[in-house]
Amino acid sequence: MTKEEMKRLVCKTIDDYAEQIKDLAINIQLEPELGFKEKKTSAKIAEFMKNLGLEVETGLALTGVKSKVCGKKDGPTVAVISELDAVGTPDDPRCDPMTGAAHTCGHFLQMASMMAACAGIVKSGVMKELAGNAVFFAVPAEEYVEIDFRKRMIDEGKLHFLGGKSELVYRGHFDDIDMSMMMHSQGDAPENSVYIGTSSNGFVGKLVRYKGKAAHAANAPHEGVNALNAACLGIMGVNALRETFKEDDMVRVHPIITKGGDLVNCVPADVRLELYVRGKTMDAIDNVHKRVDAAFKAGGDAVGAETIIETLPGMLPLHCSKAMNELFVNNIRFESPSTEIKETGHFTASTDMGDISHLMPTIHPFIGGAKGGLHTKEFEVTSFEAAGILPGKAFAMNIIDLLYDNAQVAKEIIDREKPLLTKEEYLAKMESYFSR
C-alpha cells in the first residue's frame, strides 16, 4: 500500500471505533482520579488495549499502562502518550466529591486520542508494512499536586520522583522509545482548531514553612513570633524581585498559603506555603529560584521566625520537534482541511512532556474543540471529533509517515535532532533539585 492508502485505511478504522472511544472517554471523565491513584482509569485503558488483542504492561510507576505493536522489521519506536490523572476542581459538578478531582485539564481527551491512534494502527494492520514499533502509553501523575502525599510515597520507597514521566524515566520505561507524541486540550477554543507550539516553561517546586512562637493574640502578642507576618513579608519580598526578572526568561512565581495558623486568637506559629518558580529555560529557573529563597528567608529573619525552604524537582521546559510538528499539521489537513492551524510559539504553563523532550524528539500540540478555561468548571467539550478523535488520527498518520519506507523519515529526525540530555544527565539534573 502507498502511504496515502494506509492513512485512509487507518482513519476509516478509527471512525469505526469512534463511538466506543467516546463512551469510554466520557466514562473516564466521570470517574476522575488524582495522580498515582488512577487505578480505575488505568484498568479501563488496559481493558481497551487487551480487547484490541494487545499484550499490556500495567502498574508502571504504580498505575501506568503500556503496549507495543511491532512492525515487519526492526526500526525506531514511536510512542503516543496520554495522561491518566485529573486535577483538583472541587466546584466542578462532575468532580469526585471525596477528592475534588475533575478532568478539567482534558486528560480524558488525551486518552481518547491515544486510544484512537491505537485502534487505528492495530486494527488496520498497517504495521506489517512498516519498519519499527508503535507504543501506546498511558502515564500517571502529570499534574503536580498533593505534594505531601507524594513525598510520603518517596519516604516509603514507592516513588523516587514526584511526577509521572520522571518516575517512568527513572524506572527505565522510556528506554525502548525513540520518539514521542502527545496532545493537550486548548482552553477557550470551541472551534475546530490546532495550536502548534514550540516550547514551554519548566519549573521547580518549593515548600516553605515558617516556625514562630504562639502567644495570646490580644493579651500578649509581644510574647509571640508571628509566622504569618513572616510569610506576608516573604511574599512581598518576592514581589519586590519581579521587576528584576528578564522579560525573555518568562519567569512566573506563584505562591499559595496552605496553612495560615491554627486559631484566630493565637499568634500564628506554624505557617506554610507552596509555590512554583517557572522559567523558559533551566538556566533562568536556576538563577531566579535561589533569589526567591532569599526573599522568603528575609521574611522570617525580619520577625525572628525560623524559615525552612524545601526545593523539589518539577518539570523541564518543553522543546518540540519542528519536523514532527510539520508532519502533524500536514496530517490534520489531510483528514480535516477546514481545521484552523495556529502557530502559538512559547507557552508559559508547564508539562512533564518537557522532560521527555530533553531525551528524544517530541511534540505536544494543543487541540481545540472545548470551551471554558482549563482547570475550571467551565471546561466543556464542544466537538468530541475535533477534541479527541482527529488528533488520534493525526498521530496514527504520523506513525505511518515516520516508519514508512524503512523508517527513513524517523531515522533522519533522530539523527538530526540530538537529545538535549542523556538519561544519566537528566536524572542527575532532577536529583540536584532535592534540597532543604
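Guide: Let's begin with the meeting of helices α1 and α2: Gln 20, Ile 21, Leu 24, Asn 27 and Ile 28 of α1 touch Thr 41, Lys 44, Ile 45 and Phe 48 of α2. Touching, or contact, here means heavy atoms within 4.5 Å. Sorted by class, these residues are five nonpolar, three polar and one charged. In this sorting, Ala, Val, Leu, Ile, Met, Phe, Trp, Tyr, Cys and Pro are nonpolar, Asp, Glu, Lys and Arg are charged, and the others, Gly among them, are polar.

Before we go on, please keep in mind that this is a predicted model, in which local features need pLDDT of at least 70 and side-chain atom pairs count only at pLDDT 80 or more, while totals for chains, interfaces and linings use all residues. Residues are numbered from 1 along each chain as its sequence is written, and side-chain values use heavy atoms, with hydrogens and water left out.

Two packed helices are described by the angle between their axes and the distance between the axes. For α1 and helix α2 (residues 39-51), the angle is about 165 degrees and the axes are 10 Å apart. The axes are lines fitted to C-alpha atoms, for helices over the stretch in contact, and angles run from 0 to 180 degrees between N-to-C directions. The pair α1 and α2 is therefore roughly antiparallel; angles over 145 degrees count that way, those under 35 as roughly parallel, 65 to 115 as roughly perpendicular and the rest as oblique. The crossing of α1 and α2 is right-handed, a label given when the near helix is turned clockwise from the far one by less than a right angle, with anticlockwise being left-handed.

Helix α1 (residues 3-29) also packs against helix α8 (residues 322-335), at about 70 degrees and with 11 Å between the axes. That angle makes α1 roughly perpendicular to α8. This crossing, of α1 and α8, is right-handed. From α1, Glu 4, Lys 7, Arg 8 and Cys 11 take part, and from α8, Asn 331, Phe 334 and Glu 335. By class, the contact of α1 with α8 has two nonpolar, one polar and four charged residues.

Now for the whole protein, which has 11 helices and 18 strands. Helices (H or I, at least four residues) and strands (E, at least two) are DSSP runs, numbered from the N terminus. The radius of gyration is 23 Å, close to the 22 Å of the globule rule for 436 residues, so the protein is as compact as a globular protein of that length. That radius is taken over C-alpha atoms, and the globule rule is 2.2 Å times the number of residues to the power 0.38. Along the principal axes, the C-alpha atoms fill a box of roughly 85 × 45 × 40 Å.

Next, look at the sheets.

The crossing of α6 and α7 is right-handed. The residues in contact include Leu 233 and Gly 237 of α6 and Ala 295 and Gly 299 of α7.

Another open sheet has six strands, in the order β1-β2-β6-β3-β7-β15, with mixed pairing. Its edge strands, β1 (57-60) and β15 (362-363), each pair on one side only. Strand β7 (residues 179-181) runs parallel to β15, joined by two bridges, and Met 181 stands opposite Ile 363 in β15. Helix α10 (residues 384-416) packs on this sheet, touching β3 (73-83), β6 (131-139), β7 and β15, and its direction makes about 135 degrees with that of β3.

Methods: Pairing = 2+ DSSP bridges.
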